[in-house]
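Let's take a walk through this structure together, moving from individual side-chain pairs out to the way the chains meet. Keep the viewer open as you read.

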Amino acid sequence: MHSSRPAPQSGFNFEYFMWLFTRVSGMALFLLALIGIVGAFWMGARTQIDVGALLRWTFFPNPFHVVNSNIPDVTIGWATAYWQIMQMMIIFFGVTHGINGVRMVIEDYLESPRKRLLSRSLLFLFWLFLMIVCVYVILYS
Amino acid sequence: MLAWILHRISGLGIIIFVSIHVLAGFSTHVVGTDWGDPVNRVYESLPFQIFIFFCVLYHALNGMRIAILDFWPRLLEHQRMAIWLQWAIFVPIYGLSVFLMIRSALTSG
């Protein structure tokens, strides 16, 4: 097995931007998860939900993630515009970080520029599709 | 090498899970079809939750280690200790969460 990725170019280019974005978005997701778990405890998670629901809420603060719990009314506190904006930020950082990671893994094994262009185009379409579906689900819930 | 391969596997596990989960949620809640139900049953099961939590927590902590060492290269002289520190953070959080998940699964029937 050998690496077929071209040597990095100096200066501010696409690969450098994605390298930086991966690290910054990863740290941003840490911060968003921290806000999610603190917010959950603030809204009474300690007595109202089990650890599984708490983890689901931490990774993605969607009201569907806490419906199977003892929370009396999910719409008070848990299903608000604030948490919808939080979810959209998590989706943007998470999906972009993840799709770029898939691109890195695929391009470790793809040599020809044509195949790379094809895989990049398909991944971009999949990224766009996931973003649209996610925003739809967030606004719906 | 182990960190690299675990980072790839856990990252791919997360993106595959998130993609299928989003599509299943879309079909259940928005479209109103039921093809997502078997998918929901798989990822609501305890073994899957234990697996995906491993992926998320390992990927998060390993990614944080990589980001810190990339942004502060002077810390690279402590990189071996950083890997041990990462496991020292991972094991208690993962162990406690899995213990609580199994205990609540056993008590709720």
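Keep in mind that the model is predicted.

A:E15 is partly exposed, with 35% relative accessibility.

Now for a pair that spans the two chains. B:R8 makes a salt bridge with A:D108, and the closest N and O atoms are 2.7 Å apart. Both B:R8 and A:D108 are buried. The pair runs from helix α1 of chain B to the loop between α4 and α5 of chain A. Back within chain A, salt bridges with shared partners join A:E15, A:R103, A:E107 and A:R120 into one network. Over all chains the structure holds 6 salt bridges, and 2 salt bridges are counted between chain A and chain B.

What does the rest of the contact between the chains look like? In chain A, 29 residues are in contact with 26 residues of chain B. Together the two chains bury about 2400 Å², with 81% of it on carbon and sulfur atoms. Three residues, A:R23, A:M27 and A:F30, supply 21% of the area that chain A buries against chain B, more than any other three residues.

Next, look at the nonpolar interior. In soluble globular proteins, nonpolar side chains tend to be buried together. Here the largest nonpolar core has 33 residues, and A:I49, A:V66, A:W78, A:I91 and A:V95 touch the most other members. Elements giving two or more residues to this core are α1 (14-42), α3 (51-59), α4 (81-107) and α5 (113-140) of chain A, along with α1 of chain B. Leaving aside residues up to four places away in sequence, A:V66 touches A:I49, A:A53, A:W57, A:I71, A:V74 and A:W78. Another core, of 13 residues, lies apart from the largest one and includes A:L55, B:A3, B:F90 and B:V98.

In its helix α2 (residues 37-44), B:V39, B:N40 and B:Y43 are buried. Looking down the axis of α2(B), the buried residues fall within an arc of 100 degrees, so they line one face of the helix. The buried residues of α2(B) pack against α1 (2-31) and α3 (46-71) of chain B.

Finally, how many disulfides does the structure hold over all chains? There are 0. The sulfur of A:C134 has its closest cysteine sulfur in B:C55, and at 19 Å that is too far for a bond. Both cysteines count as buried, A:C134 with 5% relative accessibility and B:C55 with 1%.

Technical notes:
Residues are numbered from 1 along each chain as its sequence is written. Chains are lettered from A and ligands numbered from 1 in the order in which they are written. This is a predicted model: local features need pLDDT of at least 70, side-chain atom pairs count only at pLDDT 80 or more; totals for chains, interfaces and linings use all residues. Side-chain values use heavy atoms; hydrogens and water are left out. A disulfide is a pair of cysteine sulfur atoms within 2.5 Å. Buried means under 20% relative accessible area, exposed over 50%, partly exposed in between (1.4 Å probe, protein chains only). Helices (H or I, at least four residues) and strands (E, at least two) are DSSP runs, numbered from the N terminus. The arc is that of the directions from the helix axis to the C-beta atoms. Contact means heavy atoms within 4.5 Å. A nonpolar core is a set of buried Ala, Val, Leu, Ile, Met, Phe, Trp, Tyr and Cys residues joined through side-chain atoms within 4.5 Å. Buried area is the accessible area (1.4 Å probe) that two parts lose on being put together, summed over both. A salt bridge is a side-chain nitrogen of Lys or Arg within 4 Å of a carboxyl oxygen of Asp or Glu.
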